[in-house]
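Student: Hey, can you walk me through this model? I'd like to go through the pockets, then the ring contacts.

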Amino acid sequence: MVVMKPSGDIAAQQAQLVVTSTLLMLIIIIPVIALTLLFAWRYRQSNQEAIYTPDWDHSTKLELLIWGAPLLIIIALGALTWISTHKLDPYRPLDRIDAARALPADVKPLEVQVVALDWKWLFIYPEQGIATVNELAAPVDRPIRFRITASTVMNSFYVPALAGQIYAMPGMETSLHAVINQAGVYDGFSANYSGAGFSHMRFKFQGLSDADFTKWVDSNKAQGTPLDRAVYTELEKPSEREPVRRYASVDKALYDAILNRCVDTNKMCTGQMMAIDAAGGLGKGSVTGLASRTWREADQTYVAAICTPENPDGRPLLARP
């Protein structure tokens with residue numbers, strides 16, 4: 001029921017889209033069901049008064065009705081889909097607080113970095129400098145920008161009262177813009193199966209007044225502990241039914257390190273890998289293994305071989321038979 005009567009403007013628009021689409025389709029479904037029952041009754045075997053016309057094969061009026069009505073419904077659904085796909089794009093910043101209020105130009109969205117772990121949720125607030133596990137909060141009527149990723153496998157971030165579900169994938173970032181319009185405590189969970197602890201991968205989302213949100217932030221800072229890479233490495237290990245945890249401070253580079261798969265400082269970040277690849281592989285012009293060839297009337301540099309350190313006996317470390 002919360003899906004059809006949510007407390008956030010984006011979810012409310014999505015619920016209205018479901019209702020409108022259903023009503024449009026019922027314009028076809030109800031007459032078809034009614035006519036099916038009517039024909040079954042009218043032309044039953046025992047009804048000797050029903051008109052029998054074995055040579056009837058065409059009716060222009062009937063053809064126009066059969067094909068015209070569905071065509072109009074498809075056009076209406078297509079237009080509705082086109083409009084709502086752009087209007088409710090999760091990557092699109094909000095332009096209103098609710099149906100009656102436009103978004104003031106000076107309002108800055110609250111940024112929340114979301115990390116799906118096995119099997120718990122980590123929420124990082126870069127502006128406030130805090131983080132929580134399995135608890136999320138935001139001020140009422142303030143836009144929220146979620147940046148979403150995962151540590152290992154794909155999950156789906158979903159607060160039905162707030163907005164639709166958005167996938168969380170390792171090494172990738174998805175986004176969601178939303179707003180909560182009523183104070184309260186709402187359920188959030190993963191909507192994509194991700195292993196043994198999936199069923200308990202749940203959290204509470206609190207819609208708070210500005211004053212209560214400030215108190216909530218201060219409470220986290222007073223009760224929490226620091227969250228750095230070492231603490232995150234332990235937190236990342238699979239666990240189930242995790243209680244709420246609070247962190248009073250967060251390593252500013254932690255989320256980007258999670259996203260780029262390099263919380264372990266001994267690993268190269270995926271962003272660095274892609275930059276190297278874009279430059280031709282291990283630095284354009286700086287490795288003897290680089291070569292070039294003409295492709296579409298332009299010289300393209302590519303990696304022909306990678307030079308590796310040598311052992312004392314002269315063999316490359318990565319040599320293969």
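Predicted model: local features only at pLDDT ≥ 70, side-chain atom pairs only at ≥ 80, totals over all residues.

Student: What lines the second largest pocket, and which residues lie nearest its centre?

Tutor: Its lining has 14 residues, and Ala-11, Gln-14, Ala-15, Val-18 and Gly-164 lie nearest the centre. The elements giving two or more residues to that lining are H1 and H2.

Student: Which element gives the largest share of that lining?

Tutor: That's H1, with 5 residues.

Student: And how does the lining of the second largest pocket divide into nonpolar, polar and charged?

Tutor: You get 9 nonpolar and 5 polar residues, with no charged ones.

Student: OK, now the largest pocket. How much space lies in it?

Tutor: About 290 Å³. On its lining you'll find Ile-27, Ile-28, Pro-31, Val-32, Leu-35, Thr-36, Phe-39, Leu-62, Leu-65, Ile-66, Ala-69 and Pro-70.

Student: Which helices supply at least two residues each to that lining?

Tutor: Helix H1, residues 9-42, and helix H2, residues 60-87. H1 gives the most, with 7 residues.

Student: Switching to annotation: where does UniProt place the "transmembrane region" feature?

Tutor: The UniProt record, an unreviewed entry, puts that feature at residues 23-43 and 64-83.

Student: What does the chain look like over residues 23-43?

Tutor: That span is 95% helix and 0% strand, and its end C-alpha atoms are 30 Å apart.

Student: And residues 64-83?

Tutor: There the chain is 100% helix and 0% strand, with 28 Å between the end C-alpha atoms.

Student: Are Trp-121 and Phe-157 buried or exposed?

Tutor: Both are buried. For Phe-157, the relative accessibility is 1%, so it falls under the 20% cut-off.

Student: Which planes and distances go with Phe-123 and Phe-157?

Tutor: Their ring centres are 6.3 Å apart and their planes are at 65 degrees, so that pair is edge-to-face. Here too, distant parts of the chain are linked, with Phe-123 in strand E4 and Phe-157 in strand E8, 34 residues apart. Phe-123 is buried, at a relative accessible area of 0%.

Student: Which residues do ring pairs link into a cluster?

Tutor: Trp-121, Phe-123, Phe-146, Phe-157 and Phe-203.

Student: Last topic: where does the charged end of Arg-44 sit?

Tutor: Over the ring of Trp-41, 3.9 Å from its centre.

Student: And what does Arg-202 lie over?

Tutor: Arg-202 lies over the face of Phe-189, 5.1 Å from the ring centre.

Key
Residues numbered from 1 in each chain as written. Heavy atoms only, no water. Buried < 20%, exposed > 50% of the residue type's maximum accessible area, 1.4 Å probe, protein only. Phe/Tyr/Trp six-rings, centres within 6.5 Å; stacked < 30°, edge-to-face > 60°. Helix = DSSP H or I, 4+ residues; strand = E, 2+ residues; numbered from the N terminus. Lys NZ or Arg CZ within 6 Å of the ring centre and 35° of its normal. 1 Å grid on protein atoms, 1.4 Å probe; cavity = no way out; pocket = protein on both sides within 12 Å on 5 of 7 lines; lining within 4 Å. Points joined across faces, edges and corners; volume = space filled by probe spheres on them. Nonpolar A, V, L, I, M, F, W, Y, C, P; charged D, E, K, R; others polar. UniProt positions renumbered as here; feature names shortened; annotations may be inferred.
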